[in-house]
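Reader: Please put the model up, and then we can go through a few local features.

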Amino acid sequence: MAVVRTLRRDEIDQVADLTARVFGDPGEVGPMRQLMQAAYEHCPYMPTDLCFVAFEGDRLVAKWQILDFSMWIAGTPIRMAGIQGVVAEPDANHKGYARLVAEYAIGRVRDHGFDLALGFAQRGAFYLRIGAVPVCADYMLEMDARGIAPLRDDPFRLASDADRAELVRLYNEGNSSTTGPLIRTEALMPWLVRRPQVFHLCEDGYVGVTLFDDRLEIREIAGRGAVFHDAAVKKIGALAREAGLRRIQGAVAADHPFVAAAVGHGATLTTTWSKKSGCIALPLAPVRLMTQLVAALGDRLRHSEFHDVCLELGLRSGSEATRLSLNPDGRQVRKIDLLLSPGALLQLAMGYRSASDVLVDEGRFQDVAPSVETLALLDRVFPRTHPFMWHTDRY
């Protein structure tokens, strides 16, 4: 019978070795093992008390590491449990260890104050079985460098380590009204394993890119103003041409201002709303999460045609329940009570689905069926948006 508990510091070597052997390619096992050991010793976002392990006797058979991050949801800073992944010994797969570790960990992670746990999976069946849902779309922007106009009076310079604070400031400023990106700190930057190869910085923003043999990949962009974004497109085109590359691609959310600028230079964008893989999340305390979003949800109502409505919104999901007062200065008081699954409520919070979309599938009003006007009102509070985490942030 397996024993499940939190990791002890004298077991770090075993966890690092298991992770490296399972996730690393043959030539990467040694470096990955060293990186894991260093992270447990020095990374403030990877605490041992959020690593859950299963032992059969003295043998480690599975582990699940949770990362202590903060992210933007509806422009609100939210603490988020990053799922690094359930890892099991190859000969221990399909024996129930992963589920055993996850079931042990979920309540404890919730008790640490996390309202959701978020991760990435090419095949999300395991997480879906324990209640996870997709919460972010995938986007792919593609351009041909030959179709991008030249950049006159290049304002960019190559960023250095001395620019780290400015890069963090621009990144947080550029993402602070969105859903999905991590909230960056200078301490986090060295631990972003997918960070761009180079940053090109100017007064109004920066572009982060990585060059491959067959393409230039846009890893992240942050900046302000149409002039900056047009210059960013032209700078990326120039970098590709200098490297002898035509193909440019990058994951950029559809509503990012860079996309509008890039389309003007011939870019195309593909959006995928996955149902079984990609960016998925476990709802740990979705009603508690909603209480943190009251100001943002109220702002949406206040800036809509329902600006004079004070919405008294009752939410019930699982064992959680609350009542939110949105736009309390509104003179018309409306009361709506919703009973939703934890996953549906989390998707509403993230903007992955709209209120009307969710209610068509599973909505259960506690009084009467919704009118067209009620659905329109709820869609203003919970619209479908473009939740997205930059690939640099992914772990």
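Reader: Which elements do the buried residues of α1 pack against?

Author: This is a predicted model, in which local features need pLDDT of at least 70, side-chain atom pairs count only at pLDDT 80 or more, and totals for chains, interfaces and linings use all residues. Residues are numbered from 1 along each chain as its sequence is written, and side-chain values use heavy atoms, with hydrogens and water left out. Buried residues (under 20% relative accessible area, 1.4 Å probe, protein chains only) of α1 are Ile12, Val15, Ala16, Leu18, Thr19 and Ala20. They pack against α2 (29–42), β2 (51–56), β3 (59–73) and β4 (76–88).

Reader: With which side chain does the side chain of Asp337 make a polar contact?

Author: Asp337 lies in strand β17, residues 332–339. Because its relative accessibility is 18%, Asp337 counts as buried. A polar contact is a pair of N or O atoms within 3.5 Å; within protein, one must be able to donate a hydrogen and the other to accept it, and residues adjacent in sequence count only if both atoms are side-chain atoms. At 2.3 Å, the partner of the Asp337 side chain is the side chain of Arg323.

Reader: How are α9 and α12 oriented to each other: oblique or parallel?

Author: The axes (lines fitted to C-alpha atoms over the stretch in contact, with angles from 0 to 180 degrees between N-to-C directions) of α9 (residues 294–302) and α12 (residues 372–381) come within 8 Å and cross at roughly 125 degrees. Angles under 35 degrees count as roughly parallel, over 145 as roughly antiparallel, 65 to 115 as roughly perpendicular and the rest as oblique. The two helices, α9 and α12, are therefore oblique.

Technical notes. Buried means under 20% relative accessible area, exposed over 50%, partly exposed in between (1.4 Å probe, protein chains only). Helices (H or I, at least four residues) and strands (E, at least two) are DSSP runs, numbered from the N terminus. Contact means heavy atoms within 4.5 Å.
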